[in-house]
Amino acid sequence: MQQNLLIIFAAIWLAMAAGSYMLFQKGTDVVRKRKLWPIFTIVNNVVIGAVIVYAQPPLPMMVGLLVFMVPLTWLTIRSTKFCDECGSPSRSPFFMKPPEKCSHCQKKL
Ligand SMILES: [Zn+2]
């Protein structure tokens with residue numbers, strides 16, 4: 001039973017990684033990417049949060065990790081921009097300010 005749950009988590013995570021690649025790297029619909037990116041990031045982090053809860057670390061550690069994930073999720077959403085010109089995602093490290101130029105075609109974002 002417990003192993004099945006872990007396999008389900010792994011399957012969800014892999015499906016999301018593949019979906020993310022197809023949608024955000026290969027896709028060309030910038031409007032749809034911008035709309036789906038925050039939802040996708042939140043769902044992805046909720047899955048990670050569920051794995052943390054499932055792993056049952058000591059309570060203070062679990063609470064600390066889950067609390068830490070909230071600003072991390074927000075910063076991840078903020079630090080990724082999609083280019084109007086070519087639709088490519090430009091990311092900056094989550095602790096820095098959002099990118100200002102497209103990493104692909106150098107157009108201002
Ligand atoms: Zn571009």
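The chain contains three helices and two strands, here in a predicted model. Read from the N terminus, its elements follow the order α-α-α-β-β. The C-alpha trace spans about 50 × 25 × 20 Å along its principal axes.

The account may start with helix α2, which covers residues 30-55. With 26 residues at 1.5 Å a residue, α2 should span 38 Å, and the 37 Å between its end C-alpha atoms agrees with this. Within α2 there is a kink of about 35 degrees at Leu36, shortly before the proline Pro38. Just after α2, Gln56 adopts a positive phi of about 50 degrees.

The packing of the helices comes next. Two packed helices are described by the angle between their axes and the distance between the axes. For helix α1 (residues 2-26) and α2, the axes come within 11 Å and cross at roughly 160 degrees. Angles over 145 degrees count as roughly antiparallel, and α1 and α2 are therefore roughly antiparallel to each other. The crossing in which α1 passes α2 is left-handed. On the α1 side, the contact is made by Leu5, Phe9, Ile12, Trp13, Met16, Ser20, Leu23 and Phe24; α2 contributes Lys33, Leu36, Trp37, Phe40, Asn44, Val47, Val51 and Tyr54. By class, the residues of this contact comprise 13 nonpolar, two polar and one charged. Leu36, the site of the kink in α2, is one of the residues through which α2 meets α1.

A second pairing joins α2 to helix α3, which covers residues 59-78. The axes of α2 and α3 come within 10 Å and cross at roughly 165 degrees, and the two helices are therefore roughly antiparallel to each other. The crossing of α2 and α3 is right-handed. From α2, the contact involves Trp37, Pro38, Thr41, Ile42, Asn45, Gly49, Ile52 and Val53; from α3, Met62, Leu65, Leu66, Met69, Thr73, Thr76 and Ile77 take part. The contact of α2 with α3 has 10 nonpolar and five polar residues, and no charged ones.

Trp37 of α2 belongs to the contact with α1 and also to the contact with α3.

Note on methods
Residues are numbered from 1 along each chain as its sequence is written. This is a predicted model: local features need pLDDT of at least 70, side-chain atom pairs count only at pLDDT 80 or more; totals for chains, interfaces and linings use all residues. Axes are lines fitted to C-alpha atoms, for helices over the stretch in contact, and angles run from 0 to 180 degrees between N-to-C directions. Helices (H or I, at least four residues) and strands (E, at least two) are DSSP runs, numbered from the N terminus. Angles under 35 degrees count as roughly parallel, over 145 as roughly antiparallel, 65 to 115 as roughly perpendicular and the rest as oblique. A crossing is left-handed if the near helix is turned anticlockwise from the far one by less than a right angle, and right-handed if clockwise. Two residues are in contact if their C-beta atoms, placed from the backbone, lie within 7 Å. Ala, Val, Leu, Ile, Met, Phe, Trp, Tyr, Cys and Pro count as nonpolar, Asp, Glu, Lys and Arg as charged, and the others, Gly among them, as polar. The expected span of a helix is 1.5 Å times one less than its number of residues. The bend at a residue is the angle between axes fitted to the seven residues ending there and the seven starting there.
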